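Thanks for coming. I will go through one model today, starting with its sheet and then moving to the helices.

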Amino acid sequence: MAITKEDILKALSYVEEPDLGKDLVTLNMIEDVQVNGKNVSFTVILTTPACPLKDLIRNACVNAIHTLVDKEADVTVNMTSRVTSGRGDTSEVLRGVKNIIAIASGKGGVGKSTVTSNLAIALAESGARVGLIDADISGPSIPTMFGVEQERPYMVQGDHGKNYIHPVEKYGVKMMSIGFLTPADDAVVWRGPMASSALRQFISDVDWGELDYLLLDLPPGTSDIHLTMVQALPVTGAVIVTTPQKVALADAVRGLQMFRQPQINVPVLGIVENMAYFTPAELPENKYYIFGQGGGQSLADKFNVALLGQVPIVQSIRESGDAGTPVVLQNDSPASGVFKELAQSVAQQVSLRNATMAKTKPVEIKT
């Protein structure tokens, strides 16, 4: 019997999206089904270009056609993506941005900006449209990490004659930082309201365009900046960066609990354990847990969130950050693979959050 489009859709209705727990047809993830004799093709619309289950889904589709339709069918599965959004607001603020992700830590010195920079580039390299706000007003690191300390944003005219700041762009990531607007050697000594005002400008006065993910590299701790962020933006979720030792975990708990306060209620996407272990370049298979072992996992288990990744201490991460060429760009480095897997995990959690939780809106905090 001739293969029909209905046969293909029926077979694919038995293929489940592993994270969402429903079949591809019910989730409207199948498009452009074509049948020509025994030649079958269709497109699977993934929820992110960084989907870590891409090959698993592709193989499951092919197996379903061969098992339920025709074992001799020549099956072509085209994979593309349409990033989902968890936004529930109708405001004009960052209307073209689908997901806003806060990268936070309870204390300084845990490598949050290093994680954020590599994560942003890894998402961009997967095919996503990515922006990055360096919200650490008093200690901006992003210009150094990207090697753009001397770059300066410029003004462009938008709709209704309003002028917007055009962000600096490198490695496929649009970025904005106070470091682009002040001399590198000057200290930014501002009270909370001034820092909050600068963040609001980075949000509303920058021409971000269409983005799948906008990452916010927050200052350590909990401060006016954090409150400004959740009041001004519908934050999709937060990623908490920590190191394994007890003193860092104690501060990470406070940072995590801030997002879970009832009046804020921002979903925590997961934990990143930075400096998880030391691996010498000459002994890449060896792991030395110099800051302790299992701290990130225990924190994730305690608060029932995902452990998104464990980033090792390797010299190349520090060297590449200082050189303005983050290690994720070095495909021959094991650390590059770690950050690419981290990007997949973050994108996966964003998709799962958008499919299973209520849409986010800016927070109204009563004082």
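**The sheet and what packs on it**

Strand β6 (residues 97–104) and strand β13 (residues 237–242) run parallel and are joined by 4 bridges.

Before going on, the conditions. This is a predicted model, where local features need pLDDT of at least 70, side-chain atom pairs count only at pLDDT 80 or more, and totals for chains, interfaces and linings use all residues. Residues are numbered from 1 along each chain as its sequence is written, and side-chain values use heavy atoms, with hydrogens and water left out. Helices (H or I, at least four residues) and strands (E, at least two) are DSSP runs, numbered from the N terminus.

The sheet is open, with 8 strands in the order β10-β11-β7-β12-β6-β13-β14-β15, and its pairing is mixed. Two strands pair if DSSP finds at least two bridges between them. At the edges are β10 (168–170) and β15 (306–310), each pairing on one side only. From one strand to the next, the twist averages 25 degrees.

Helix α7 lies across β6, β13 and β14 (268–273), at about 170 degrees to β13. Angles run from 0 to 180 degrees between N-to-C directions, with axes fitted to C-alpha atoms, for helices over the stretch in contact. Contact means heavy atoms within 4.5 Å. Helix α10 (residues 334–356) also packs on the sheet and touches β6, β12 (211–217), β14 and β15, its direction making about 165 degrees with that of β15.

Buried means under 20% relative accessible area, exposed over 50%, partly exposed in between (1.4 Å probe, protein chains only).

S351 sits in α10 and counts as buried because its relative accessibility is 7%. Beyond its neighbours within four places in sequence, S351 contacts L20, T47, T48 and T84.

S113 is in helix α3 (residues 112–125) and is buried, at 11% relative accessible area. Residues up to four places away aside, S113 touches S141, I142, M145 and D217.
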